[in-house]
Amino acid sequence: MSGDTQRFDWRGLVIPVGCVVAAEGAARVTGWQSDMLAPPSSIAVAFWTAALDGTLVKATAATLATSLAGLAIGAVLGLLVGILLGLVRSLDRLMEFSIEAFRPVPAVALIPIALLVFGFGFRMEIAIVAFAAFWPILILTRAAVAGVEPRLIQVGRALGFGAAARVWKIVLPAALPRIFVAFRLAAGIALIVAVTVEIAANPLGLGYNMILAQQTMRPELMLALLVWLGFVGWSLNRLLLWSQKSLFGPAALIRIER
Amino acid sequence: MIMASRQETVPVREADSAAPLIAFENVDLSLGGRPILAGIDVSIRKGEFLSVVGPSGCGKTSLLNLAAGLLMPSKGRVAYAGKPVTGPRQDIAIVFQDYGKALLPWRTASGNIALALEAISYPKEKRGARIAELLALIGLSQHADKFPSQLSGGMQQRLQIARCLAQDPKVLLMDEPFGALDAMTRQALQDEVLAIAARTGATVLFITHDLEEAIYLGDRVIAMRPNPGRFDISFDIALPRPRDQLTTRECPEFLKLRRELFDVIKEVEH
């Protein structure tokens with residue numbers, strides 16, 4: 001995380017830019033014809049066309065909306081259950097088996113069931129993303145809450161705070177930096193799962209547009225969407241890192257790094 | 001076992017000897033089936049400064065937790081102002097040894113003091129002034145907006161003491177508060193605690209493993225024995241107040257007490 005505070009090192013661009021130039025050069029020299037690859041210049045043209053005719057905006061909006069909605073539902077539920085289990089040891093032991101039985105189920109394996117329940121569309125995708133985001137938030141929130149320094153809780157008791165005030169003033173702020181790390185992790189998972197659902201089944205969003213481009217033999221559009229998807233994921237993570245810093249300040253970041 | 005109790009007649013400090021503020025009545029404590037404390041019987045007068053010394057693992061901290069209401073006795077009774085202690089009270093404040101863990105790392109110095117004010121529902125509009133007053137009292141006015149991690153160990157412990165004082169406590173329970181500090185800081189803080197106790201008239205239960213510190217601070221020193229923790233001997237300390245790091249420690253009476261207590265502790269540790 002310390003890398004974010006350092007200045008950007010331009011030397012890191014040598015290899016990616018070099019590869020792009022080499023690919024373009026190779027395409028020009030050999031004049032290849034391919035169903036799988038496209039020269040960077042035609043990828044750029046395809047991207048530009050998709051950006052102008054609105055398909056890119058529409059697809060991005062659909063993918064982001066489903067990932068974020070699923071993430072929000074999964075995060076809220078995971079947070080609530082995680083806090084409860086982190087605080088109440090006996091409940092945690094009671095739930096241990098059920099959680100460990102459900103958690104390893106791959107979220108995308110729920111596509112057939114979700115299709116039966118919701119049909120194609122946003123709701124099916126949101127449900128699967130929520131399922132995927134729920135577990136990491138639950139597990140990490142539970143660990144963060146259970147790992148709050150016992151002395152701090154004792155301080156809360158000694159000061160005469162009730163249980164609710166102790167959770168609000170001591171447990172939650174103490175666990176929050178770690179909970180936010182869980183949220184960042186879940187956000188990455190949410191995007192992956194949303195795109196996977198779109199590629200596999202759901203006629204929506206960037207994933208669907210990619211598979212459509214592939215099936216209609218337009219590798220340049222498929223690759224343009226792939227690059228764009230990488231950029232979207234990268235931006236999402238930057239946004240979350242930035243909000244983590246501005247929300248918790250330097251003190252919190254030191255605690256996470258430790 | 002020595003059970004002599006030296007009774008000096010010199011009045012030490014203005015202390016209301018009529019009714020004990022905190023009374024341990026034949027208290028036993030077991031945790032998880034293991035006896036921790038046995039037959040603890042002591043009354044702490046209002047305004048008294050009681051030091052408790054003993055080797056590590058003799059139950060000193062459990063004694064303090066009983067007085068704080070964080071632990072309940074297995075047998076006997078702990079009473080505060082005549083009534084049984086059933087849980088933590090806001091007029092009893094605890095200063096923990098591990099100041100690094102007892103301060104909220106996400107709150108500034110001011111914020112940590114505010115926590116205690118929030119606990120007692122101190123009027124919001126007066127909080128700022130009260131925090132400034134407490135910070136000034138313990139010499140941290142310049143550091144109001146710093147986080148605990150940006151303060152030295154001594155400053156962090158000062159901050160914890162300030163947070164306790166924010167409750168306006170009648171009793172200060174101090175659990176080896178200066179054990180982790182260097183000698184100079186420790187002496188400065190000892191004198192600050194004495195000044196605070198003298199000014200507020202607070203009753204202090206001070207746990208330490210440092211004999212000299214116990215004698216220097218206390219109106220009375222109780223030595224403990226381990227396995228299970230129990231009281232061994234009690235000394236009244238007749239040293240004049242206010243105490244002074246140089247002259248008090250050079251006092252023949254101080255040296256005599258130190259020798260006697262040292263012999264007791266040495267015997268206990270064997």
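A residue is counted here as buried if 20 or more other C-beta atoms lie within 10 Å of its own C-beta atom. The model is a predicted one, and in helix α7 of chain A, which runs over residues 150–158, the buried residues are L152(A), Q154(A), V155(A), G156(A) and A158(A). The cover over these buried residues includes elements of both chains, namely α8 (163–200) of chain A together with α1 (60–68), β7 (92–95) and α2 (99–102) of chain B. Just after α7(A), the backbone at G160(A) takes a positive phi of about 90°.

Between the two chains, 16 residues of chain A are in contact with 17 residues of chain B. On the chain A side, the elements that give two or more residues are α7, α8 and α10 (219–257), and α7(A) gives the most, with six residues. By class, this side of chain A has nine nonpolar, two polar and five charged residues.

## Helix α9 of chain A and its two packing partners

Two packed helices are described by the angle between their axes and the distance between the axes. For α8(A) and α9(A) the angle is about 40° and the axes are 7 Å apart, which makes α8(A) oblique to α9(A). The crossing in which α8(A) passes α9(A) is right-handed. From α8(A), the residues A194(A), V195(A), T196(A), E198(A) and I199(A) meet G205(A), L206(A), G207(A), Y208(A), M210(A) and I211(A) of α9(A). By class, this contact has seven nonpolar, three polar and one charged residues.

Helix α3 of chain A, which covers residues 55–87, packs on α9(A) at an angle of about 130°, with the axes 6 Å apart, and this pair is therefore oblique too. Here T55(A), A59(A), T60(A), A62(A), T63(A) and T66(A) in α3(A) meet G205(A), L206(A), G207(A) and N209(A) in α9(A). The classes in this contact are three nonpolar, seven polar and no charged residues.

## L206(A)

Is L206(A), with its C-beta neighbours inside 10 Å, buried or exposed? L206(A) is found in helix α9 of chain A, which spans residues 205–215, and it counts as buried because 26 C-beta neighbours lie inside 10 Å. Leaving aside residues up to four places away in sequence, L206(A) touches A59(A), T60(A), T63(A), V195(A), E198(A), L225(A) and L229(A). One of these, T63(A), lies 143 residues from L206(A) along the chain, yet the C-alpha atoms of the two residues are separated by 6.2 Å.

## Overall form of chain B

Chain B holds nine helices and eleven strands, and along its principal axes the C-alpha trace spans about 55 × 45 × 35 Å. A compact globule of 270 residues would have a radius of gyration near 18 Å, and chain B, with 18 Å, therefore agrees with that expectation. Of the 270 residues of chain B, 45% count as buried. Among the contacts in chain B with a separation of 6 or more, 72% are between residues 24 or more positions apart.

## Backbone details in the loops of chain B

Most residues other than glycine have a negative phi, and most peptide bonds are trans. In chain B, the peptide bond from N227(B) to P228(B) is cis, with omega near -15°, and P228(B) lies in the loop between β10 (220–225) and β11 (230–236). The peptide bond from R241(B) to P242(B) is also cis, with omega near -5°, and P242(B) lies in the loop between β11 and α8 (247–250) of chain B.

A positive phi, near 50°, is found at S121(B), a residue other than glycine, in the loop between α3 (109–119) and α4 (124–137) of chain B. S121(B) is exposed, because 8 other C-beta atoms lie within 10 Å. For D168(B), likewise a residue other than glycine, phi is positive and near 55°, and this residue lies in the loop between α5 (153–166) and β8 (171–175) of chain B. D168(B) has 15 C-beta neighbours inside 10 Å and so counts as partly exposed.

Technical notes: Residues are numbered from 1 along each chain as its sequence is written. Chains are lettered from A and ligands numbered from 1 in the order in which they are written. This is a predicted model: local features need pLDDT of at least 70, side-chain atom pairs count only at pLDDT 80 or more; totals for chains, interfaces and linings use all residues. Helices (H or I, at least four residues) and strands (E, at least two) are DSSP runs, numbered from the N terminus. A residue is buried if 20 or more other C-beta atoms lie within 10 Å of its own, exposed if 12 or fewer, and partly exposed in between; C-beta atoms are placed from the backbone. Two residues are in contact if their C-beta atoms, placed from the backbone, lie within 7 Å. The radius of gyration is taken over C-alpha atoms; the globule rule is 2.2 Å times the number of residues to the power 0.38. Ala, Val, Leu, Ile, Met, Phe, Trp, Tyr, Cys and Pro count as nonpolar, Asp, Glu, Lys and Arg as charged, and the others, Gly among them, as polar. Axes are lines fitted to C-alpha atoms, for helices over the stretch in contact, and angles run from 0 to 180 degrees between N-to-C directions. Angles under 35 degrees count as roughly parallel, over 145 as roughly antiparallel, 65 to 115 as roughly perpendicular and the rest as oblique. A crossing is left-handed if the near helix is turned anticlockwise from the far one by less than a right angle, and right-handed if clockwise.
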